[in-house]
Amino acid sequence: MGTLLVRDVQLQHVLAVLEPIWQAKTETASRVRGHIEQVLDWAAAHGFRSTFRDWAAERTQFPREVAEMALAHAIGDKVEAAYRRGDLFEKRRRLMDDWAAFLDRPAAAGNLSAT
């Protein structure tokens with residue numbers, strides 16, 4: 001499994017790692033299972049959020065700060081954060097409507113990027 005991509009991990013792969021130690025070292029197996037679950041959850045969420053961020057930057061005209069606020073990212077610049085009073089709600093709503101429409105479009109044959 002050394003070169004297996006996270007997106008390709010299946011239940012049988014996890015079981016292949018856990019079954020040899022499940023009976024002899026139950027606590028260890030349980031911890032390993034928990035760590036595998038955390039990694040897979042993080043990878044799925046991070047990949048989806050990263051895809052959204054790339055799409056917003058490359059295929060829309062929405063300002064960067066709208067996309068960052070849609071992802072609930074904190075403002076790194078303390079001065080900017082001190083002066084930011086609004087929540088950009090309407091702009092974020094329009095951005096998310098566009099994102100939903102983008103996701104809802106079928107991909108062209110042979111093209112997985114749904115351009």
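**Core, helices and salt bridges in a predicted model**

The largest nonpolar core is made up of 9 residues: Phe52, Trp55, Ala56, Val66, Ala67, Leu71, Leu95, Trp99 and Phe102. Three helices, α2 (26-59), α3 (64-70) and α5 (89-104), each put at least two residues into this core. A nonpolar core here is a set of buried Ala, Val, Leu, Ile, Met, Phe, Trp, Tyr and Cys residues joined through side-chain atoms within 4.5 Å. Buried stands for under 20% relative accessible area, exposed for over 50%, and partly exposed for anything in between (1.4 Å probe, protein chains only). Helices are DSSP runs (H or I, at least four residues), numbered from the N terminus. In soluble globular proteins, nonpolar side chains tend to be buried together.

The model is predicted, so local features need pLDDT of at least 70 and side-chain atom pairs count only at pLDDT 80 or more, while totals for chains, interfaces and linings use all residues. Residues are numbered from 1 along each chain as its sequence is written, and side-chain values use heavy atoms, with hydrogens and water left out.

At 5% relative accessibility, Trp99 counts as buried. Leaving aside residues up to four places away in sequence, Trp99 touches Phe48, Thr51, Phe52 and Trp55, where a contact means heavy atoms within 4.5 Å. A search of the whole structure turns up 6 aromatic pairs. In the pair formed by Trp99 and Phe102, the ring centres are 5.8 Å apart and the planes sit at 20 degrees, so the pair is stacked. For such pairs, rings of Phe, Tyr and Trp (its six-membered ring) must have centres within 6.5 Å; planes under 30 degrees apart count as stacked, over 60 as edge-to-face and the rest as tilted. Both Trp99 and Phe102 belong to helix α5, 3 residues apart, or about one turn of the helix. Phe102 is buried too, with 12% relative accessibility. Phe48, Phe52, Trp55, Trp99 and Phe102 come together as one aromatic cluster.

Charged pairs come next. The whole structure holds 4 salt bridges, each defined as a side-chain nitrogen of Lys or Arg within 4 Å of a carboxyl oxygen of Asp or Glu. One of them links Arg53 to Glu68, with the closest N and O atoms 2.6 Å apart. Arg53 sits in helix α2 and Glu68 in helix α3, so this pair ties together parts that are 15 residues apart in sequence. Arg53 is buried, at 17% relative accessible area, and Glu68 is buried as well, at 16%.

An α-helix has 3.6 residues a turn, so residues three or four places apart point the same way.

Between α2 and α3, the loop holds Thr60, which is buried with a relative accessible area of 12%. A polar atom of the Thr60 side chain lies 2.5 Å from the backbone oxygen of Ala56, and the Thr60 side chain also reaches the backbone nitrogen of Phe62 at 3.3 Å. Back in helix α2, Ser50 is partly exposed, with a relative accessible area of 30%. Ser50 and Leu71 are 21 residues apart in sequence, yet 9.7 Å apart in space, C-alpha to C-alpha.

That leaves helix α1. Within α1 (residues 11-22), His13, Val14 and Leu18 are buried. These three cover an arc of only 115 degrees around the axis, which puts them on the same side of α1; the arc is that of the directions from the helix axis to the C-beta atoms. Glu19 and Pro20, on the other side of α1, are exposed.

How values were computed
A polar contact is a pair of N or O atoms within 3.5 Å; within protein, one must be able to donate a hydrogen and the other to accept it, and residues adjacent in sequence count only if both atoms are side-chain atoms.
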